[in-house]
Amino acid sequence: MRAVLQDEWGGPETMRLVEIDRPEPVYGEILVKVIAAGVNPVDHYTARGMAYNRVLDLPFVNGWDVAGVVEQVGYGTTRFQPGDRVFGMPWFPRAAGAYAEYVTAPARHFAHMPDDLTFTEAGALPLAGLTAWQMLVDVARIGPAQRVLITAAAGGVGHLAVQIAKSFGAYVIGAARAAKHPFITALGADEMVDYTTTDIVTAVRDADVVIQMFGGDAALNALRCLRPGGILVNAQGAWTSGMAARAAELGVRASSFLVEPDHVGLEALADLARKSELKVHVEREFPLAQAVEANQLVMGGRTTGKVVLTVAEPN
């Protein structure tokens with residue numbers, strides 16, 4: 001099968017399209033023919049050896065977002081049958097090999113695709129969607145009428161977090177460049193802040209929840225946006241030294257976060273999509289052979305929504 005192999009640490013230019021053996025599912029696993037694979041910022045950080053290199057060894061096939069069709073099921077698997085349309089985020093942070101024509105993983109790392117989504121949209125959803133869902137629901141315990149600040153609100157995670165928060169009845173404040181405000185407002189945001197011209201701490205006070213997509217000083221400053229007892233959930237907590245101590249000084253809470261494979265969360269996202277409460281925005285598609293170009297675009301940090309690799313045509 002075709003796959004994009006990483007056999008040295010480096011930028012996107014080190015990714016190579018090669019032919020490798022097709023994997024076979026073992027007990028409890030499924031073999032999925034990949035139709036679409038999302039591209040995420042973590043992909044290029046991983047390629048450089050900057051993230052999760054303790055659990056990844058060269059060579060490996062990059063990528064974690066998968067949407068496709070079940071080709072084969074391993075012994076004991078009852079959740080799926082050959083021909084089922086599925087999406088998932090297998091194995092994260094261990095190598096999943098999504099930039100390839102076939103993937104094997106435990107059945108519970110996948111969920112049935114909702115009919116309302118195309119393969120491209122479903123391929124864009126798992127990692128960003130589970131990140132947003134787990135940060136808001138599992139960690140922050142979001143509830144109705146809470147004030148929620150979402151940074152990088154136009155990005156892959158952010159634009160989904162806006163919609164998930166609104167589905168719980170929250171009051172959503174999105175932070176993004178002014179040019180992206182109409183996009184985020186159309187998703188349901190109640191208030192917008194242009195972080196390039198406005199001090200976010202001055203603009204936002206007494207938030208119940210902050211969904212923080214940047215680490216370092218930006219995360220430490222965002223703690224001041226919270227009400228006493230409020231919580232900041234930081235996707236870049238590993239790169240934010242002193243976060244817990246600073247939160248304690250301010251009388252607020254802070255939590256680091258790393259997304260996990262979770263079929264329950266995937267099913268919740270699928271349910272929101274079926275009810276038209278969650279829409280996935282795909283800015284651009286690339287064929288698998290252009291994985292380098294796709295990662296270079298994501299590396300620029302200015303994409304709206306997601307970038308997706310189209311691996312195969314649906315049957």
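Visitor: What should I know about the numbering and the model?
Guide: Residues count from 1 along each chain as its sequence is written. In this predicted model, local features need pLDDT of at least 70, and side-chain atom pairs count only at pLDDT 80 or more, while totals for chains, interfaces and linings use all residues.

Visitor: Why is H3 called oblique to H4?
Guide: The axes of helix H3 (residues 126-139) and helix H4 (residues 156-167) cross at roughly 50° and come within 8 Å. Angles under 35 degrees count as roughly parallel, over 145 as roughly antiparallel, 65 to 115 as roughly perpendicular and the rest as oblique. Therefore H3 is oblique to H4.

Visitor: Which residues make the contact?
Guide: Contact means heavy atoms within 4.5 Å. On H3 they include Trp133 and Leu136, and on H4 they include Leu160 and Ile164. By class, this contact has nine nonpolar, three polar and no charged residues. Ala, Val, Leu, Ile, Met, Phe, Trp, Tyr, Cys and Pro count as nonpolar, Asp, Glu, Lys and Arg as charged, and the others, Gly among them, as polar.

Visitor: What makes a residue part of the lining of a pocket?
Guide: A pocket is an open set of points on a 1 Å grid where a 1.4 Å probe fits, with protein on both sides within 12 Å along at least five of seven lines; lining residues have an atom within 4 Å of a point. The largest pocket has a volume of about 1100 Å³. Its lining has 45 residues, and Pro41, Tyr45, Met213, Phe214 and Gln236 are the closest to its centre. H1 gives the largest share, four residues.

Definitions and conventions
Heavy atoms only, no water. Axes fitted to C-alpha atoms, helices over the stretch in contact; angles between N-to-C directions. Helix = DSSP H or I, 4+ residues; strand = E, 2+ residues; numbered from the N terminus. Points joined across faces, edges and corners; volume = space filled by probe spheres on them.
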